[in-house]
Amino acid sequence: MPGGFTQSSARTYLQTSYGLGPMRQDGLLLVGLTAEPAARLASEAEAKAWLDSCAVAYAKRAGITYSAGGTSAGGSGGAAVAVVNSEAFDKAQREQQRLVTQQLEVLARYLGLDLRQGSRSFEASKVESGLLQTELDLWMEEHGEFYASGIKPSFDARKARTFDSYWNWARQDALILYYEILFGRLTEVDREITSQCIRLMNRANPALMRYMAYNIATTDVSRGETYKLARSYAQMLYENCEVALNHPPVYKDVDFPTAPHTEVTASGDIKYAEVQRPEERKLLDYVRMMQAGGELTQFSGRQRVEQSLAKIYRIIKQQNSMKKDSKLAIQGLYTD
């Protein structure tokens, strides 16, 4: 076949010229295999002439005839089927589409509409997306896919839960403290127990107060020292919760202030730990220590003395009853 004249072109020619369907076309092409031309067909006209000869040979073998309108009929006869030239039909469709497009453009100009607004917006968004994609590729190349997947937000509103059972947990914590004393596992109040009591006070509610009052009233102190201790501690906690009942929850840190401690072992290993600060029992001591400063930041002894004397001088200066000679003598101590 010549260049550009493909199998689809040959089938279209057979359809428009002879009205052959897909199966008839296959049969005709099989007949054409037995009548292969001696040389390659040079033009489209020669290819169509060869197809015409194959069509005649196929009609003889199949016992069919071609009607004038380009239809094929069986040997026993049949109704003629109208066949439309596909080239003419496609041309008519293109002309109709061009006419409709022209009418649409006229109506758009009349209404003041821009038919290419969507295309322009798409082109602008395409440019912006290209720039963003370039920046994203640069970021991914710098940080890597593992880091990018690791910082993705994992919050899902459907998995959110609201926990409002503090009243029940408060009962459980109070009961645990109560039985820890009864069984002798709790004999003194340390900082951890104090922190638990503060958390219990922050969750105080009328139901908890009734619960604690019932357990205090039903504690039989005649059963041993632990029962006496449990009732005494429970009564103190009850009174504190009663006071905290009318106040909003507050945070109180009762732990020892700690400081970082780094140690290098003989093998070269570095060990880090948080150790208790010396001479600091609570956060107030830590704040005062930070306010006073260390060896590098605190004032020298002479500066502290001068500051103290300056305070005394300001107090004395405000006294109107002081003699003039005394004022001049004091003033001379602080002038160069």
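1. The chain has 13 helices and four strands, taken as DSSP runs (H or I of at least four residues for helices, E of at least two for strands) and numbered from the N terminus. This is a predicted model, in which local features need pLDDT of at least 70, side-chain atom pairs count only at pLDDT 80 or more, and totals for chains, interfaces and linings use all residues. Residues are numbered from 1 along each chain as its sequence is written, and side-chain values use heavy atoms, with hydrogens and water left out.

2. A word on the overall picture: 19% of the 336 residues count as buried, that is, under 20% relative accessible area, with exposed meaning over 50% and partly exposed in between (1.4 Å probe, protein chains only). The accessible surface comes to about 26,200 Å², and carbon and sulfur atoms hold 56% of that, by the Shrake-Rupley method with a 1.4 Å probe. Of the contacts (heavy atoms within 4.5 Å) between residues at least 6 apart in sequence, 53% join residues at least 24 apart.

3. Do have a look at helix α2, residues 22-34. Its 13 residues should span 18 Å at 1.5 Å a residue, and its end C-alpha atoms lie 19 Å apart, which agrees; the expected span is 1.5 Å times one less than the number of residues. Gln25, Gly27, Leu28, Val31 and Gly32 are the buried residues of α2. They sit on the same side of α2, because they cover an arc of only 160° around the axis, judged by the directions from the helix axis to the C-beta atoms. These buried residues pack against α1 (7-18), α3 (44-62) and β1 (65-66), while Pro22, Met23, Leu30, Leu33 and Thr34 are exposed on the other side.

4. Gly144 follows α5 and has a positive phi, near 95°.

5. On the cysteines, the structure holds zero disulfides, a disulfide being a pair of cysteine sulfur atoms within 2.5 Å. For Cys197, the nearest cysteine sulfur is that of Cys241, 7.9 Å away, so the sulfur of Cys241 is too far from Cys197 for a bond. Both are buried: Cys197 has a relative accessible area of 19%, and Cys241 is at 0%.

6. Finally, Glu280 is worth a glance, in the loop between β4 (270-276) and α11 (283-292). Glu280 is buried, with a relative accessible area of 6%. Leaving aside residues up to four places away in sequence, Glu280 touches Phe256, Pro257, Asp285, Tyr286 and Met289.
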